[in-house]
Amino acid sequence: QLHYPTNLRIMSEKLSKTNYKLKKNAVVHSRGINELYLDRKQPFKQQVERAWRILNEGKLDHVVVHGIGPVIERVLNLALQIKLRGEGMFDLSVTTHTVYLHDDLTPLDPETDVVTSQTRKNSAVAVKIFRTLNVG
């Protein structure tokens with residue numbers, strides 16, 4: 001049976017980093033049809049085109065683009081690119097928040113069955129790109 005301590009800081013003096021392997025878990029997303037979660041793996045131009053395609057199909061009036069950590073700059077850049085490309089057709093609403101990421105520390109010694117975890121914080125952003133009504 002595995003044991004998951006809730007606070008690694010208390011245990012950090014007892015655990016040696018050389019005896020455990022750190023596994024950073026992926027962030028769990030609930031994806032809607034109008035939500036994009038950016039990463040550094042996919043080419044930026046491809047991500048811009050995907051957001052543009054969602055907005056231009058006409059079925060949805062907005063798209064929400066999410067990113068954490070080093071991807072925040074990419075999310076903001078994408079939103080500004082869409083706004084420029086839309087020539088006044090789109091506007092932006094930016095929300096920042098903190099996400100909690102859970103990492104597992106797995107013992108390197110097969111005799112040990114204690115798996116520990118740690119929680120760390122990371123900055124995140126969500127940008128809603130929405131269609132505006134041009135009143136003129």
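I began with strand pairing and found V64 opposite K128 in β5. The model is predicted: local features need pLDDT of at least 70, side-chain atom pairs count only at pLDDT 80 or more, and totals for chains, interfaces and linings use all residues. Residues are numbered from 1 along each chain as its sequence is written, and side-chain values use heavy atoms, with hydrogens and water left out.

**Strands.** I looked up how β3 and β5 run. They are antiparallel, joined by seven bridges. I then took β4 with β5. These also pair in the antiparallel sense, over 16 bridges. Within that pairing I picked T96, whose bridge partner in β5 is V125. For the record, two strands pair if DSSP finds at least two bridges between them. I also noted that side chains in a regular strand alternate between the two faces of the sheet.

**Chain overview.** I counted elements next. The protein chain has three helices and five strands. Both kinds are DSSP runs numbered from the N terminus: helices are H or I with at least four residues, strands are E with at least two. Along the sequence I read the pattern α-β-β-α-β-α-β-β. The chain has 136 residues, of which 30% count as buried. Buried means under 20% relative accessible area, exposed means over 50%, and partly exposed lies in between (1.4 Å probe, protein chains only). I checked contact range too. Among contacts with a separation of 6 or more, residues 24 or more positions apart account for 76%. Contact here means heavy atoms within 4.5 Å. The exposed surface comes to about 9,600 Å², with carbon and sulfur atoms supplying 51% of it. Areas are from the Shrake-Rupley method with a 1.4 Å probe; for residues, only the protein chains shown count as cover.

**Core.** Which residues have the most contacts inside the largest nonpolar core? I found V65, V75, L78, I82 and I129, in a core of 18 residues. Two or more core residues come from each of α2, β3 (62–68), α3 (72–86) and β5 (116–131). The largest share, five residues, is from α2. The definition I used: buried Ala, Val, Leu, Ile, Met, Phe, Trp, Tyr and Cys residues joined through side-chain atoms within 4.5 Å. Leaving aside neighbours within four places in sequence, V75 is in contact with L38, V65, H66, G67, V125 and V127.

**Aromatic pair.** I searched for ring pairs and got one. W52 and F90 sit edge-to-face, 5.8 Å centre to centre with 80° between the planes. The pair links distant parts of the chain, with W52 in α2 (residues 44–56) and F90 in β4 (residues 90–107), 38 residues apart. Both W52 and F90 are buried. The cut-offs: rings of Phe, Tyr and Trp (its six-membered ring) pair if their centres lie within 6.5 Å; planes under 30 degrees apart are stacked, over 60 edge-to-face, and the rest tilted.

**Q47.** Buried or exposed, I asked of Q47? Q47 counts as buried, because its relative accessibility is 2%. This residue lies in helix α2. Its side chain makes a polar contact with that of R74, at 3.0 Å. A polar contact is a pair of N or O atoms within 3.5 Å; within protein, one must be able to donate a hydrogen and the other to accept it, and residues adjacent in sequence count only if both atoms are side-chain atoms. Beyond four places in sequence, Q47 touches L36, L38, D39, Q42, R74 and L78.

**N34.** I placed N34 in the loop between β1 (20–24) and β2 (35–37). At 13% relative accessible area, N34 is buried too. The side chains of N34 and H62 make a polar contact of 2.8 Å. With neighbours within four places left aside, N34 is in contact with L60, H62, V63 and V64.

**K83.** I moved to helix α3 for K83. K83 is partly exposed, at 34% relative accessible area. A 3.2 Å polar contact joins its side chain to that of D91. Leaving aside neighbours within four places, K83 is in contact with G88, F90, D91 and L92.

**K21.** Last, I looked at K21 in strand β1. K21 is exposed, because its relative accessible area is 53%. Its C-alpha atom is 5.4 Å from that of L105, 84 residues apart along the chain. Its contacts, neighbours within four places aside, are D104, L105, T106 and L108.
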